[in-house]
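Please read them with the structure open.

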There are 2 protein chains.
Amino acid sequence: MQPKASSRTECPAACALETVGEWWSILIVRDAFQGMTRFDEFQKSLGIAPNILSRRLAHLVATGMLARRRYSERPPRYEYLLTPKGRDFFPVVVALFTWGNKHLAPKGEALTLADRQDARPLDPVLVDAARLTPITPANTVLVPGPRASLGMRKRLASLKAMNPHISPVAG
Amino acid sequence: MQPKASSRTECPAACALETVGEWWSILIVRDAFQGMTRFDEFQKSLGIAPNILSRRLAHLVATGMLARRRYSERPPRYEYLLTPKGRDFFPVVVALFTWGNKHLAPKGEALTLADRQDARPLDPVLVDAARLTPITPANTVLVPGPRASLGMRKRLASLKAMNPHISPVAG
């Protein structure tokens with residue numbers, strides 16, 4: 001078997017996809033952000049087969065996105081709560097949401113993300129925390145981190161040589 | 001066959017996943033952001049089987065993320081370029097990247113996203129474009145948009161009743 005390319009083992013975006021990239025997992029996390037915690041709530045929301053839901057919940061617990069907690073002793077019943085790691089996934093869900101509303105809702109939005117205080121519609125953009133400047137393909141570049149392998153350093157160098165004017169973005 | 005739940009047909013995040021949520025598709029888009037355009041570049045980067053790569057590229061062209069352009073007449077050769085719709089997917093890739101670096105790189109980063117001008121590492125956060133305030137589960141709420149179905153309105157109302165203190169985030 002071929003070893004996996006460094007673009008898959010070292011790129012944090014690829015690792016993120018490998019961890020929670022499965023379609024159902026992301027929708028379960030989305031529903032957890034809406035306050036759902038129980039098996040039957042997820043099942044009703046998603047219209048998902050129980051065996052698939054069980055497997056995806058177990059996977060999200062194993063990867064540390066959700067914590068499983070017993071909320072009833074007799075009968076034994078469990079709920080699933082977002083961990084800090086799971087809560088940190090929020091920008092991914094919002095970025096998908098924003099892109100979907102812009103490009104996949106040509107007749108208008110069915111859902112709008114709004115400010116909790118004044119219900120004003122929000123326009124999510126990604127900025128650098130320090131300078132509050134937008135993060136775009138044009139103004140960013142990928143650089144090797146402290147743990148970059150030789151293979152990853154070579155990859156970054158060859159990308160730069162291939163197309164010096166296009167911003168590399170994720171390894 | 002059961003009709004799909006409104007949480008899947010009307011939620012823009014779910015629609016986004018349905019359109020490009022497949023693991024390989026997102027990695028191809030990621031590589032396109034790095035300047036790759038040609039079949040063999042993607043193949044070498046991803047270590048993907050040619051038939052799967054063909055299928056994923058065709059899907060990305062069909063969904064309007066990539067445009068296929070002939071760059072050589074004899075022999076006929078094609079390249080794949082990000083469309084504006086594809087370029088708008090950038091925040092999703094960066095959000096995955098950021099989460100992966102925070103939670104899946106315990107020994108340090110292999111890759112860092114940096115400012116193109118001064119190579120300063122960037123700390124991407126999601127803010128509202130108008131007020132530049134961070135967008136979090138705690139300060140956002142989902143409201144029905146102009147195209148919300150009755151089913152979606154009921155869903156939002158029941159989520160609110162279920163857990164009024166947790167911020168609903170994506171339908």
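**Notes on the two-chain model**

1. B:Gly35 counts as buried, at 6% relative accessibility. Buried here means under 20% relative accessible area, exposed means over 50%, and partly exposed is in between (1.4 Å probe, protein chains only). B:Gly35 sits in the loop between helix 3 (23–33) and helix 4 (39–46) of chain B. Helices (H or I, at least four residues) and strands (E, at least two) are DSSP runs, numbered from the N terminus. B:Cys15 is 20 residues away from B:Gly35 along the chain, and their C-alpha atoms are 26 Å apart.

2. A word on conventions. This is a predicted model, in which local features need pLDDT of at least 70 and side-chain atom pairs count only at pLDDT 80 or more, while totals for chains, interfaces and linings use all residues. Residues are numbered from 1 along each chain as its sequence is written, chains are lettered from A and ligands numbered from 1 in the order in which they are written, and side-chain values use heavy atoms, with hydrogens and water left out.

3. How many residues of each chain are in contact across the interface? Chain A brings 98 residues and chain B brings 97. Contact means heavy atoms within 4.5 Å. The area buried between the chains is about 9,000 Å², and carbon and sulfur atoms give 65% of that area. Buried area is the accessible area (1.4 Å probe) that two parts lose on being put together, summed over both. Of the area that chain A buries against chain B, A:Gln34, A:Trp99 and A:Arg116 supply 9%, more than any other three residues.

4. Polar links across the interface deserve a separate look. Between chain A and chain B there are 38 residue pairs in polar contact (both at pLDDT 80 or more). A polar contact is a pair of N or O atoms within 3.5 Å; within protein, one must be able to donate a hydrogen and the other to accept it, and residues adjacent in sequence count only if both atoms are side-chain atoms. Helix 7 (residues 90–103) of chain A gives the largest share of the side of chain A that touches chain B, with 13 residues. By class, that side of chain A has 59 nonpolar, 19 polar and 20 charged residues. Ala, Val, Leu, Ile, Met, Phe, Trp, Tyr, Cys and Pro count as nonpolar; Asp, Glu, Lys and Arg count as charged; the others, Gly among them, count as polar.

5. Next, the salt bridges. A salt bridge is a side-chain nitrogen of Lys or Arg within 4 Å of a carboxyl oxygen of Asp or Glu.

6. Another salt bridge lies within chain A. A:Glu73 and A:Arg70 form it, the closest N and O atoms being 3.1 Å apart. A:Glu73 is exposed, at 56% relative accessible area. A:Arg70 is partly exposed, at 37%. Elsewhere, salt bridges that share partners join A:Arg30, A:Asp31 and B:Arg155 into one network.

7. Strands also pair across the interface. Two strands pair if DSSP finds at least two bridges between them. Strand 4 (residues 124–128) of chain A pairs with strand 4 (residues 124–128) of chain B in the antiparallel sense over five bridges. A:Pro124 stands opposite B:Asp128 there. Four of the five residues of strand 4 of chain A are buried, so this strand is largely enclosed by the rest of the structure. Strand 5 (residues 140–144) of chain A runs antiparallel to strand 3 (residues 111–115) of chain B, joined by five bridges. A:Val141 has B:Ala114 as its bridge partner.
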